[in-house]
Amino acid sequence: MKRLTERVHHEEIESEEVVWVKREDARSSSKLPIVYSKKYAVRFAGLERLHPFDAAKGKHIQKILCTELNLNDGSFYEPKELTKDQLRRIHTRDYLRSLDWSMNVACIAEVPVMAFVPNRFIQSSYLRPMRFQAAGSILAGKLALDYGWAINLGGGFHHCCSYRGGGFCPYADISLLIIRLFEQEPFRVRRIMIVDLDAHQGNGHERDFTNVAAVYILDMYNAFVYPKDHAAKQSIRCAVELRHHTEDAFYLRQLSRCLMQSLAEFRPDVVIYNAGTDVLKGDPLGNLSITPEGVVERDRLVFSTFRTLRIPVVMLLSGGYLKESAGVIADSIANLRQQGLLD
């Protein structure tokens with residue numbers, strides 16, 4: 001923790017307002033604590049199609065939610081883009097400078113042809129949308145403290161740490177959110193739990209919070225796919241290493257056991273829930289076999305566990321590489337509301 005916070009400057013700056021909302025504004029607003037911006041979408045002259053990630057997943061979810069929950073565009077909170085000063089609260093200067101080289105960004109985005117594209121286009125078409133999504137994670141964190149829950153229709157870049165990106169994750173939004181919560185809410189937030197249920201190990205935040213007692217990490221992931229980061233695993237306090245093609249029954253039993261074990265060991269002030277849908281059967285990268293119904297039940301189990309205890313939950317979408325992921329996520333959010341877990 002000291003390694004990260006040493007780089008943080010503590011002056012009050014006007015730019016804080018781009019991602020933090022005043023408590024009284026949040027409570028008086030008719031908006032739901034769901035964060036989304038049209039600027040989340042990656043548009044890069046078709047190059048985004050070279051990666052299996054649905055670059056417009058947030059947009060698709062938002063449209064479905066508007067129909068299913070009778071919402072409109074004004075029902076959502078919209079973040080503003082993170083500035084370089086804000087990014088430097090977690091990221092090293094060398095890492096941020098490395099993003100000025102197209103080849104480095106191509107490696108992070110896992111789209112090799114991007115190495116031959118002028119960096120200014122990469123900045124505007126890929127990195128800028130990711131800065132908006134990262135800002136959305138931070139805004140969702142603040143809203144969760146006020147409402148008891150919040151959902152960012154993006155973010156969850158759990159492969160990026162303070163000094164290295166990877167796995168389509170250029171910014172460490174989870175680590176940045178944690179640092180900001182500790183700094184901005186020292187009386188309300190002293191202990192944070194990460195529940196990472198993306199199909200892949202969350203090695204980014206695990207590297208950032210090695211030996212940090214105030215951050216508890218629960219991680220369930222396929223042990224036989226990327227990133228296989230054995231050094232980062234040392235930070236996981238409750239781990240389940242899944243095999244290929246794990247199905248609903250075993251998955252949900254393990255999740256229920258881990259949630260109870262984690263709460264017996266650690267009582268958080270807020271939970272960051274990384275709700276990747278790359279666990280779905282048929283996902284080309286997760287290689288698990290969870291059904292849409294299993295994902296809906298997974299999300300219900302997580303929310304009910306912590307909402308019953310009045311522990312705020314911040315949900316980030318993370319990975320999910322099937323076109324049907326957006327529909328599954330929207331159905332899950334609608335179910336959470338029907339279950340009374342999004343009051």
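**Buried residues and cysteines**

Cys 66 is buried, its relative accessible area being 15%. This assignment, like those below, refers to a predicted model. Cys 238 is likewise classed as buried, at a relative accessibility of 2%. Cys 238 takes part in no disulfide; the nearest cysteine sulfur belongs to Cys 258 and lies 3.4 Å away, whereas a disulfide requires sulfur atoms within 2.5 Å. The count of disulfides is zero.

Ile 61 is located in helix α3, which spans residues 57–68. The relative accessible area of Ile 61 is 0%, so this residue counts as buried. Leaving out residues up to four places away in sequence, Ile 61 touches Leu 153, Leu 317, Ala 326, Ile 329, Ala 330 and Ile 333.

Glu 206 belongs to helix α9 (residues 203–208). Glu 206 is buried but forms no salt bridge. The nearest side chain of opposite charge is that of Arg 207, at 7.7 Å, while the cut-off for a salt bridge is 4 Å. A polar contact of 2.9 Å does link the side chain of Glu 206 to the side chain of Gln 201. With neighbours within four places in sequence set aside, the residues in contact with Glu 206 are Gln 201, Ile 217, Asp 219, Ala 232, Lys 233, Ser 235 and Ile 236.

Key. Residues numbered from 1 in each chain as written. Predicted model: local features only at pLDDT ≥ 70, side-chain atom pairs only at ≥ 80, totals over all residues. Heavy atoms only, no water. Helix = DSSP H or I, 4+ residues; strand = E, 2+ residues; numbered from the N terminus. Buried < 20%, exposed > 50% of the residue type's maximum accessible area, 1.4 Å probe, protein only. Lys, Arg positive; Asp, Glu negative; His and termini not counted. Polar contact = N/O pair within 3.5 Å; in protein donor to acceptor, adjacent residues only side chain to side chain. Contact = heavy atoms within 4.5 Å.
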